[in-house]
Every structure is written in structure tokens, then in C-alpha cells.
Amino acid sequence: MKNSTIIWLVLLVVGGGYLMFRTGSGSMGRAYVRHETFDAKASFEEQIQKLDNEEQKDIADGKKLPEAKSAARERLEARLPDLEGITWTKVKSAERGELTTDAGQPDPAVVFSWSRTIGLWIAALGTFAIMSFLWGDNVFYKLAEAVVVGASAAYAMVVGFWTGIIQNLFGKLIPSVMRDTVLPGLPSSQHTEWIYIIPLVLSVLMLWRLAPVGGWISRWPLAFFIGATAGIRLVAYLDADFVQQIANTIMPLIVFDNKQGLLIGKSIGNIVIVIGVLTCLIYFFFSFEHTGAVGSAARVGIFFLMITFGAGFGFTVMGRIALISDRFNFLFYDWLWLPLPGIDA
Amino acid sequence: MTDRVSWTVALLAIAVAVVGLSERPAMAQATLDNKSEAKAESPPVEEAETEPKPGNPPQPPSDVTAIDRPDDAGTGIIVKWSLSPDDVAKVDEGQTRKVIRYEILRQVDGQDDFTLAGEANFQKSSFNDLKCDPNSSYIYQVVAVENEDSKSTPAAAATEVSPVMQWWDTRRTWFLVILLMVCGAVIQFIRLARAGRSLKVRKIAGLEAVNEAVGRATEMGRSCLFIPGILDINDMQTVAGITVLSRVAGLAAEYGASLEVPTSRSLVMTTARETVQAAYLGAGRPDAYNEDNIYYLTDEQFGYVAGVTGTMVRDKPAACFYMGAFFAESLILAETGNSIGAIQVAGTAMPSQLPFFVAACDYTLIGEEFFAASAYLSGEEHQLGSLKGQDVGKMIGVTLVVVGCLVASLASLSGGDNALHDVVSFLTDNVLGDKGFLP
Amino acid sequence: MKRTVPLVIAAVTGFILIASYFIPYAQSWGEEAMIWFDILAAIAFVLGGGNLLKMHLQKISNRRAGWGFSIVTISAFLITLFIGLSKMGVNPAEKFPEWSWSGDYLQEGGGFKWMYDFIYLPLAATMFSLLAFYIASAAFRAFRAKNTEALILLGTAFIVLFGRTYAGIYVSQPIIDGLASITGAEVESLMSLRLDRITSTITQVFILAGNRAITIGIALGIVSLSLKVLMGVDRSYLGSEE
Amino acid sequence: MSDFFRNLDRRWIFLVMGLSVAIPMLMGVVFPEEPSQEVLDVFNAVEDLEDGSNILMAYDYDPASKGELEPMAAAFVRHCAEKTHKLYFITLWPAAIPMLQKNIEILNREYPEYTYGEHYVNLGFRPGNEGVIKVVVTDLKKLYGNDVAGTDLNELPMTANLKNIQGMDLIVNVSAGTPGTKEWVQYAGTPFDIKMVAGVTGVGYTPLVPYVPAQLTGVLGAIKAAAEYEEAVLQNYPELRKNPATQEGLRRMGPQLVAHMLIITLIIIGNIIFFMDRKRGVA
């Protein structure tokens, strides 16, 4: 315990010193962005030009002009006047490799970004804060935990708001309003689907809990969806996971091929599979105690399950290792700018 | 009362089934050798205008037929044709394909021009047009295409087709039979148990442990932690978790142990509160129920884990229950629980997470056992009936597999195709597949 | 009233959706219902988020242990929420420059994307990566060959761990060559004993069998639980009469 | 000695674990790979399609699992691009939107001839989990009226005549959980028999094995399979070797191996102690 603490301290001190040195020498932990100006009018004229060219080609080929295209062109043209002077700068993250143009001169479009550099450092320190939990619960972890809980809850809410509520609910209930405000891309074919009143009403009932009286009404939407879930899952699982799996298990135990004759390997494989499935199923029987013949069959079943779990464990280990590799990749390459063999910075 | 409702609805379903069976997809079908008639019959389409082109366009396909697509709501038509003679299976070295693709054109309600309904790759001789409307009628043409400038003359189906809406999906008739068998068994056994027939079921170690765990938490004066998985209430595992929660809450209320339930979904929180409150009431300790012990953390998987593990190392619960749908977090939770020396009971139907629960928890309910848990813990005889029903389901499965495999083996021994092969394919394609009620 | 009505709602909804599976016209109802569920879930965030705020505000006002962190949580929550909902720093979609709100809320260079890239993403990914460390300690402390079952589990894990890296080949190839030279059999015929091949066999035969049985069992479990819920046999999710 | 291990502070294990990944990574150890049959099945599913086939790229993974899935996701994109397939990107995970962008950037950077709307389209995300699959498989535009940039799908050549995803020649699903491969199989692949391959995390791999090959042509399991897939692609398109990014998976196998060995050692030591204690009757 004692000496391990010392070791960790030493590690931290050494690491910290190293960072200060690197940062001081300005050879790590900076983020750059590529700026592009977007001119709405210009880009629209470009698109119209493109359509025109295609039209020319079609005429040349003596083809009939597809309505969709010409219609699209008109729509674009109609909007041109409103676009006067609408411009903004597009920001794209830039790899360190992009700092200089192919010619070797520094690329003027690529600029140092304060916001992202700060972000990079927050990310790096956050990474350490979370990892510090391995040491034991500590103030850094508590801090990171507090942030990640708050931020991620809000993240989920925001996503739910823009996609679930705006797109799926209002997009269906008041498409015209949405088209004029946040969802201009909503196809004009989209008309009000009154059926979506139902989810709206159910939601209101759900929120009724907050009301001082009659909170029990919120059980109705719950009941609706739990009922729906039960119904949908019942058929879905019985079909795909019961019927289908049984169908897949029906196979010849002795695989005989007219050309090669008996295929021993395949036959054994099939036999083992079938035995495995049957014994495992027997293990799951609730009606009989695991004694006698059933008991021994069930035991074989358990062995199969254990092999499955063991392999599952093996495969999972792989995956998890890949995850630290990824985090270290971030720390070493994106933040510390260490030269990693295999990727050229 | 609801029992009766459900029976009526179930019967209705069967009635629909019977009606549906009597219906067969209507087929409007027609073929004719194209070229001359096709032109005469359908007004010239653009390809026709641009003819003749330099070079020779591919020969058109023939025998175009259009039939209603069976088992749909009258939205589909299947167009079939015989490949153009120029559409060869294999092009020899250096040669380019004469037919790159087929264009399927359709004319709606006899309006005068044909519009593109879709395209099919070469060597394909059928196309599903799923953009149809039961109230319209369609005439189809198929054009073999070498490139934009070289297209064959259109081959047309003679008569027009309108899709028909079927009231019954004949592909699923057998599935209904199986569904009724399994569900029937479950329902029947529940009724038997209700009628007072005593049912014997084996013990499950993990379930004995639940009592013990709550008991120990009480002795140590520490809390119990219950995690109902990280999926929303629209997943059956969460529902199963909630049913187990109600039993655990009941015990906690009895023993007077404190129970904490952090959830990762708002709706799960809502449901859990209803459940736990009811459980405390049932145990006669409504006063002991504290709504704030059942709280929402965040929807995001690892935000949630961060929160829960944090709580674990600080509050050091003596018993941890993980009952529901779990993903990667399973091991983080189990390991942390392990390090604070809590009794851990887990139950999930996520095969991928079972290894870790099995290894790191004291008891684990594997797959089906997890769904059986609430029935066991409820202590209500009639709930055990459902388990017997499940066994019948497994029995059906076992029988089908055994019979199927035996027949299949005989078939493969007997070599060439014969009745045995037909039996196997009937079993796999019709009974267990979607090829309809009869071969 | 307070329990019967919900039970009827659940039963009717459920059985209608079961029946809809067999009627082409109605086969999409299930999806529709799940889309509705999503809407409800999105709106229910009000409950969850509200509860989150309530809890932490209480903690702060009572000055309970760690109330300082509650302040952090709440501010992180509110700031992210504000940035996300106000689409701060988001340009309009290039297709619709004249609609100032048309931009994607996760647009590159927008405020929410920044939160995502530099706060949510790294913290979540790191939390996830702790797993690797936990697996290591679990391997040391939890994975003991207590009995035959555990032994089999570990044995399989070993084979897979070897077989899924180059080590599998590196270790077992010489053994196979050795066997071949002793028995005089061709190497090719013994190849199936190489660890990576054994791993494939395990996945294709044993895992397949095990998982298939588990899957079938789960399907039945879900069927009977669903039925119990629909028929009101198990009504624990519904709360009490009060 | 054994006492040292018996009361070993787990933080030591954590430290060793970290080093066993970091060191090989910094040294850039790379081991040879040979594509196994399972991987080749997946590879051929993409390879054997006629050039320019329609492929649905259903990428359902989030930042948390990108370390495991990004290499194979990228390998799929490059392989399809080499085959000039038409790619339809779609996801069921809100957190996967940036992941799609990342993969599309590969096209922009390495395959300039790929033009948006003609060779690839980004449909983006719609909420509703497997509900989305069930809808798009019968009626794409019911949920996807417009692409991620808000363009009406009817204005894009690729999607103008696309009624639903039954028109796809192959579904490539890279999935980190639910909804993911299982759902795509259940609601799209199986019922409408659309050919499908998948790449999943190590943990997600074994539960999918039962679906192979009847319902699923093949599955890539974790970084190892990704490395083998990269190898298969490189063997068929050697010019790709110039681009180090095409060997990401292979590069990641170095740390993998060392860490695996560490885990094995730990299990062995753990059990030796366990048995010694049992002899002594301590445990």
C-alpha cells in the first residue's frame, strides 16, 4: 500500500514535469482549424449553373427534361434575391499535417484555434480525471463525474428535443410551421398527420404527474406503451429467436455428399451443435429437478454454456483493450504529439 | 375481467386468421411477344423517339408479366420478364456487357406517358414495384439498357394490373399456429394453477440469494442498490427487472432495509416509483417509502455508470442487484461492487454480458431464468403456471429439432432428391419459414 | 378504476399489435407505436431532468456532503442544455441560408459539437476504457477455477485469448510441425489444431449451440412475461390502488 | 513471494495493464495477420458484388466504442470505394452522426471521384431505434424525407427513385450494441432477405454467431477481424499500402497481443495462489 502510493506519486511528478517542458517548448497540445468563407448567393448560382449544364447535355442528347430538375432550378432561382450578402465562415478541424500546403508553404487557411486548444486540454485533463478513479475515489474523479452526469443528461435531452419532439412530433403535427422555422428541408409532401395527436395527448397525461392531483392518470400512457412493448416483442422474439433459431438448427447429423462421400468434420460439427442446443434447453427446463438423466444432460448443457461464456469473455477482452489503445492514441498523438510509428503526423 | 378482454381479443385474431385463409392473392397476368404490339399498344416513349441510333441497341427482353405482389397491403406489383438475348451471364475477356441494366417503366391509369418505376441490374429478371396504389391500374414496360444512347425497344405487359390488398399474410399462417400453441400452453397452465392445481418447479439458486442479500444488508445496517438495466421501459428486460424490483422492494420494506434505485431513463424512474410505492404499501410500510431514493441520473451509458460507481464507493451498499438489459457497464458495476464487498445478484438476457456477471457476481440468473424470477419471487402459485407453459414451448422446440434432424439425416443419406427432402423443406420453409401454409 | 383502466389499455394495445403482425395493412402499426414511444420518452425528459435538478438543488440547500459537486453538475447540465437548444454558434444549413435556425445542432464548429467533442466524448470514452483495467483485476481476483464449470470457462477463455492474436499461431505452429514430423502426417491435416483454427471451431460449433439455446430460452421467457403483463397476471409495474 | 501476490494492491495491476498497452503502441509493434475464413466470407460478400452495387452503410456506434470499430468501418468504406459501390450512410444512434461524417471524410479525401448524391449519400440519424428499420425497409421517405443536409431526397439522383432499402444489394452494419446488427437482421435482413454483413465489438460477436450464415453472411469480431479484413483488402488492392491509415487495425494488434498475454498471466498467477491457499486450507 505505502510503497505503491510513493510509486504513483513519482509517476505523477515525472509526468507533470514532462508536460510542462513540452508545453513550454510549444510542441504539443495545440489545435488548428481550416476557415472557409461560405457565400450563399455564390453557391446557389453555382448549383443553378450545374443544373443548366445538365439541361444543355439533355437537350443535346434529345432527351425529355425531367420535371424534378427544372422545378428544382426554378425554386433555387426564386430564392436568389433573399440571399444577398448572406455569408459566414465555415470551420473545419485541421490535422497537423495540413499546416503547410503540398508546396511546403504555410497554408493561410489554417489558423490556430483557441477554443479547440482549450477543448483539447479539457479533454486530456478530463481523461486523466476519470482514469484517476483507478487510484481510488478522489476529488478529480468527483469533479469529472459531476460534469459528465450533468452534461450527458443535457446532451440526451437536446438530442431528444431536436429529433424526437421537433422532427417526429411537430414535423408531423404542424409541418408548415416547422418548414417556415427550423425544418425548411421538410418535403412539401408532408401534411399534418392528425394521428400524432395521440402521442401528444399521451405525453400530456404523462406529465400530469407533476400536477397536484390525479397523478395516477400518468399510468395510462405507461400502460399503453408497456402493452405495446409486450405485444411487439412477443411476436418479434417468437418469430426471429424461437422459430428461426429452431429452423436453423434442423440439419442433417450425417452430412453425405455425392462427390466426396461422408463429410466427417461437418457431420461431427452438426452433431455437437444439435446435442449442445438440446442439452442447454434441458438445463433451462423448470419442471424437473436436475437429477438422474435430466441432471446429467443439464450438466452437459452447463458445460456448453460455460464454453460459450468463456469464449465470450475472451472476445470481450479484445474489445476492451482496443478501447484503452484508443484513449492512449488520443493522449499520445492528438495531445502530446508523440511520433507514433505507423501514422505520419 | 382483463382476462376476459384478452380472451376476446385473442379469439378475434383467430377469426381474422380464418377469414384471411380463405382469401388468395388475386392474379392479373398477361404475356405477349413484344416488339410490334408493344409499340402499337403503348404510345411511343422517349427511347422510341430517339431511335434509330448509331450502333445497334440491345434486343429487348420478352414475356413481360406483371402480377399483384402477394401478402401486402395492395402497394406492390411484381414485374417479371425473360432476359434480353443480349444479356449474357458471363462476358468473355475484353468484351463489354451489351445489357448493363433494365429500366422498368409504368403507365398509371392509362395516362398517356410511361414513367420510370425503377431499375434492375443485368441478369435480373424481376422487379418489385412497391410504389403502387390499390385504386390505380398499371401497365408496365421493360427496356434493356446498354447506355443512355443505346436502349432496346420497350417490351410491354399486355393487360393492366391493379394491386390487391390482402387481409391476411399467408406467409405467417404457420407462425400463428405456433404462437397459439405456446401462448395457449402458458395461459392454460396459469388457469390450472388458478384452479388450485399445485405445480412443482425446481429451485433456482440465484433466487434464494435475493432474500439472503436483503437480509444481510439489514443486519449490516447498509442499503440495497437495485439497477434495472440501462434500456428504456420499451424493452422486456427492463419490464422483467421492474417486476423483480417490486419483490425486492417488498422484502426491503419488510426487513426495514433502505433501497436505492438510480435509473438511466425518465420513464423507468416513473415506473419504478409506482412499483416500489405499491410494494411498500403491500408490505404495510407506506411510511417507509421515500420517492427520492428512486432517481434519474442520465440517459448516457457511461455518464450513468460514472454516477452509479461513484455512489457505490461512497455509500458502500451491502447488496447490489443488477436486473435488466446491460451492456459494457456490467463489468464496471460488478467489479466495483466486488471491491466494496457487496453481495451481488445479477439477472440479464444479454448473452454478451453473462460471462462477467457469472464470474464477478455471487449469483447470476441466466437468460430465461431471469424472466422466470418474478414468477418465483411473487410466491403466487398461478404465476408459476407460466413457467410450465415455457417448458411446453421448449418441448415443442426440442421435438421439432429432433424430428427435423432425423429426417434431414435420412434425406442426406438417401442422396438425390426424394420425398424426404420435401419433408425437410416443408418443415423449414413452410412450418418454420415464410413460404406459406402448404408447399 | 386506477388499476383496471390501465390494465385494459395494456391488454387491448398489446393484443391488437399482436394481431397486426398477421395483417399486411396493419403490419406497420408496431413501428408507429415505437416512434410514438420515442416522442413520449423525449418529452419525459422533463420528468427526469426536473428530478435531477430537484435532487441537486436540495443537496445544495441542505449543504449535504458534496453539495459543491452538485453545483458543478447543475451548471454543466444547464450550460449544455442552453448551448444545445439555442444552437449556439451554428450556421444555417447551406441549402437554406435564409433560415437562420436551419443548421444542424451538431454542426462542425457549433457550440454543441464543441461540448460533444471535448467534454462528452472524451469523458465517456475514458469511462468505457476503464473496463480494460477492470478486466485485468477481475482476471486476477475473480476468475478462479473453483469447480469444473469455472475451469471450462477459463480454458475456453485462454484458447480464445491466444487464438485471437498472432501469439496463437506463434505458439501452436511449432507444436503442429513437431507433431507432423513425429507422426509423419502432413502439416495441412493437423492445421485444424492450430489455436486460431480451434478458436474458429469453438465459435462456429460450441458458441453457436450455447447462444442458440440461450436465445430460444429468452424468446420463451419474453413470450410468457409479455402474456402475463397483457393478461394482468403480473401487474407489479402498475403501482397501487391509492 | 506468494504473499506479495496475495495482498497485491490492484492498482499495481492497473499500472502494468496501462504500460502493456502504451509501450507496444509507442514502439509501433506490428504482427503479421492472415485473413481467416470468417473474415474472407465478409470480404467476398463485398468483393463479389458487381461494381457500382447499392450498399447500405448502417453504422451504429458511438465515441465510446470507436476505438474498437473505427478501423473496420474505415476498411469497409475503402473496400466499397475501390469497388465503386454506391453507398447509403445511415445510423440509428444519435451519437454516431459524427462517426458517419468521419467515414465520409475518407471518401472526400482519398476518393475525390466520389460525388455526393451520385455515389454516396448521408441519410443521417432518425430516432425510433428498430422502429426506424421497420419503416425504412418498407418506406424510406416516410422517415427520411431529406438527407442530413436537409436536401429533399427526391432531388438526389441516387435516392430519387429509391422507395425503400429493399433495393439494396447488401447491408453493411457496424454496430456497438442495441439497436444494431440483431435488429437489422430481425427487421430487415431476415424478413426481406437482403444480404447482410456486420462488424461488431468483441462483446457483441458471440451472440451473433447463431445468425451466420443463414441470416447473416458474415460477422467481423473486434479489432482482430478488422486487422484481418484490412489485410484481405491490402492483398487485393496493394496500392493502398502506401496509406498508413489503411493499416490502423493491424497497428492496434500490437498492444492487443501484449495485453492478452498479461491477462493470461494474471489468471494463471491468481489461480496458483488460489490453489496454494486451498491446500493450506486458508480459502
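## Domains of chain C

Domain bounds here come from an automatic or database domain assignment. On that basis, chain C splits into domain 1 (1-85), domain 2 (90-136) and domain 3 (143-234). Between the C-alpha centres of domain 2 of chain C and domain 3 of chain C there are 39 Å.

A word on conventions: this is a predicted model, where local features need pLDDT of at least 70, side-chain atom pairs count only at pLDDT 80 or more, and totals for chains, interfaces and linings use all residues. Residues are numbered from 1 along each chain as its sequence is written, while chains are lettered from A and ligands numbered from 1 in the order in which they are written.

## Overall form of chain A

Chain A holds ten helices and five strands (DSSP runs numbered from the N terminus, with H or I over at least four residues for helices and E over at least two for strands). Its radius of gyration, taken over C-alpha atoms, is 32 Å, well over the 20 Å that the globule rule gives for 345 residues, so chain A is more spread out than a compact globule. That rule is 2.2 Å times the number of residues to the power 0.38. Along the principal axes, the C-alpha atoms of chain A fill a box of roughly 85 × 75 × 70 Å.

Of the 345 residues in chain A, 39% are buried, meaning that 20 or more other C-beta atoms, placed from the backbone, lie within 10 Å of the residue's own. Contacts are pairs of residues whose C-beta atoms, placed from the backbone, lie within 7 Å. Among those in chain A between residues at least 6 apart in sequence, 46% join residues at least 24 apart.

## Where chains A and D meet

Chain D brings 49 residues to the contact and chain A brings 43 residues. Helices of chain D that each supply at least two residues to its side include H2 (10-27), H4 (63-82) and H12 (248-280). The largest share, eight residues, comes from H2(D).

## The sheet in chain B

Which order do the six strands of the open sheet in chain B follow? They run E11-E10-E9-E12-E13-E14, with parallel pairing (strands pair if DSSP finds at least two bridges between them). At the edges are E11 (294-296) and E14 (363-366) of chain B, each pairing on one side only.

Let's zoom in on one pair. Strand E10 (residues 259-263) of chain B joins E11(B) in the parallel sense over three bridges, and B:Thr263 stands opposite B:Tyr296 in E11(B).

Conventions:
Buried ≥ 20, exposed ≤ 12 C-beta atoms within 10 Å, placed from the backbone. Contact = placed C-beta atoms within 7 Å.
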